[in-house]
Amino acid sequence: MIHVRQLIKRFGPKIVLNKMAFDVSQGEFVALIGPNGAGKTTFLRILSSLAKPSIGEVNVAGFHLPGQAASVRQRLGVVSHMPLLYGDLTASENLLFYGRMYDVADLTHRVQEVLQLVGLLHRSGDLVRTFSRGMQQRLAIGRAILHNPDVLLLDEPHTGLDQDACDMLDGVLRDVAVSGRTVVMTSHDFVRAQNLASRFDVLSRGRIVASIPANKLSPDGLQAFYRESLEQA
Amino acid sequence: MKNNANPSFIKTMLAVVWKDLTAELRSREVFSAMLIFALLVVLIFNFALELEAGTRASVTSGVLWVTFTFAGTIGLNRSMAQEKDRGCMDGLLMAPVDRSAIYLGKMIGNLFFMVAVEVVVIPLFSVLYNVNLLKPGLLLVVLLGSIGYSGIGTLLATMSVQTRTRDMLLPILLFPVVIPLVVAAVKASAGYLQALPMADIQPWLTLLIVYDVIFLSVAWMVFDYVVEE
């Protein structure tokens with residue numbers, strides 16, 4: 001579903017992604033972990049067509065980037081630590097707006113359905129700026145899955161949330177967003193990542209230095225695997 | 001349920017306009033800031049210049065356009081800052097739409113805010129300066145000037161909002177570019193106020209229309225490159 005080869009991203013003289021290779025099969029949930037500045041967010045911005053690769057092959061859902069960006073965008077949902085929501089619109093107005101941008105069929109019904117899925121139907125008429133950070137993040141998930149994308153990109157979705165809000169977010173992610181989709185998530189929260197993902201890739205200095213399936217890790221083995229991977233890199 | 005169609009240009013543009021107007025109707029953040037600033041400028045010039053009847057017609061059009069351009073800059077900055085501050089610009093850019101439709105939607109929203117301020121300012125200006133601004137020709141000049149200003153202003157605000165010094169950068173980028181437009185608007189407005197023959201006003205009106213077409217076309221064509229990272 002996602003196929004990346006020899007990806008290089010430069011900002012001026014600085015090389016952020018260095019001949020990176022990355023593959024994700026359909027239905028896989030890959031957690032991308034790595035230190036600050038490793039290139040995680042830059043990589044997700046390239047996958048989401050917000051940034052262009054300097055060199056290299058990037059293919060998402062059968063379409064290559066940046067050439068077929070519009071086709072990729074139609075099949076992509078993104079949740080980041082920013083909610084990408086308008087505070088002066090209500091929850092349902094936000095979803096109606098994004099639904100129009102994605103030309104979602106039977107939009108009014110779909111908006112109600114998504115609000116129900118993320119547990120915000122009772123707040124559909126409230127302004128988003130009155131929502132807690134956790135509720136905004138749940139609505140952000142609703143926005144991301146509104147057009148039923150094949151691929152979901154999660155860029156540190158737990159940032160700024162308290163424990164309860166994180167638990168609730170994980171529940172929504174597991175029950176609603178993930179099922180049947182291909183997911184790539186960046187995270188610094190190893191415990192939460194281990195509860196969600198089916199594979200872990202360690203990104204360091206612009207390339208994947210280690211990868212392991214979740215079923216080969218002990219329940220609290222991700223931290224040790226991460227440290228080992230960075231030391232060997 | 002899978003939906004692989006991309007929305008049409010018009011549908012996208014209208015969605016952006018609807019979003020901007022709905023949000024503004026709730027917050028009145030852009031309109032209030034522009035209006036208060038415009039009223040203050042009108043009042044300050046009124047007291048500062050103490051115009052005599054003879055000089056009023058020649059100075060009024062300049063004061064009018066200083067008011068509109070300064071207030072317009074505030075509106076442009078705030079309108080784009082709302083997109084940037086909550087990451088909403090990324091949300092727009094990730095949609096599978098023609099990005100020039102996003103530009104045109106934002107531009108129409110900014111034009112609407114500018115015209116809304118002008119609708120309030122022009123009658124007040126007429127009373128304070130004791131000149132009749134409610135002339136169809138003059139109103140046409142105001143509309144043409146506002147279209148050009150919003151057109152290029154929306155593009156430059158999209159660029160400046162990416163920087164930390166956006167409030168300062170936008171006027172620095174915008175004012176040199178719109179000088180020909182503002183000069184044409186001031187001259188054409190003065191022509192209507194001084195009741196000059198149409199032959200004297202026509203060249204400035206033509207210049208305004210030409211600049212509108214050029215600004216809108218260029219902004220439309222380059223918007224995709226401006227928002228590209």
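Predicted model: local features only at pLDDT ≥ 70, side-chain atom pairs only at ≥ 80, totals over all residues.
Visitor: Which residue of β9(A) is the bridge partner of Leu32(A)?
Guide: Asp201(A) is the partner of Leu32(A).

Visitor: What about β8 of chain A, how many bridges join β3(A) to that strand?
Guide: There are 4 bridges between β3(A) and β8 (residues 182-186), and these strands run parallel. Within β8(A), Met185(A) stands opposite Ala31(A).

Visitor: Switching to rings. How many aromatic pairs over all chains?
Guide: The structure holds 12. One of them is Phe22(A) with Phe43(A): the ring centres are 5.1 Å apart and the planes stand at 85°, so the pair is edge-to-face.

Visitor: Which parts does that pair tie together?
Guide: Phe22(A) lies in strand β2 (residues 14-24) of chain A and Phe43(A) in helix α1 (residues 40-47) of chain A, so the pair ties together parts that are 21 residues apart in sequence.

Visitor: Are those two buried or exposed?
Guide: Phe22(A) is buried, with a relative accessible area of 2%. Phe43(A) is buried as well, at 0%.

Visitor: What kind of pair do Trp65(B) and Phe68(B) form?
Guide: Their pair is edge-to-face, with 5.4 Å centre to centre and 90° between the planes. Trp65(B) and Phe68(B) are 3 residues apart in helix α3 (residues 53-85) of chain B, so about one helical turn separates them. Both residues are buried.

Visitor: What lies over the face of Trp18(B)?
Guide: Arg100(A) does, at 4.3 Å from the ring centre. The charged end of Arg143(A) sits over the ring of Tyr98(A), 5.5 Å from its centre. Tyr98(A) is also linked by ring pairs into a cluster with Tyr86(A) and Phe97(A).

Visitor: Last topic: which residues make the nonpolar surface patch of about 340 Å²?
Guide: Val210(B), Ile214(B), Val218(B) and Met221(B) make that patch. Val218(B) is in helix α8 (residues 198-227) of chain B. Its relative accessibility is 36%, so Val218(B) counts as partly exposed.

Terms used: Residues numbered from 1 in each chain as written. Chains lettered and ligands numbered in written order. Heavy atoms only, no water. Patch = residues over 30% accessible without salt bridge, like charges linked within 9 Å, V, L, I, M, F, W, Y side chains within 5 Å. Areas by Shrake-Rupley, 256 points an atom, 1.4 Å probe, with all protein chains shown as cover. Salt bridge = Lys/Arg side-chain N within 4 Å of Asp/Glu carboxyl O. Helix = DSSP H or I, 4+ residues; strand = E, 2+ residues; numbered from the N terminus. Buried < 20%, exposed > 50% of the residue type's maximum accessible area, 1.4 Å probe, protein only. Phe/Tyr/Trp six-rings, centres within 6.5 Å; stacked < 30°, edge-to-face > 60°. Lys NZ or Arg CZ within 6 Å of the ring centre and 35° of its normal. Pairing = 2+ DSSP bridges.
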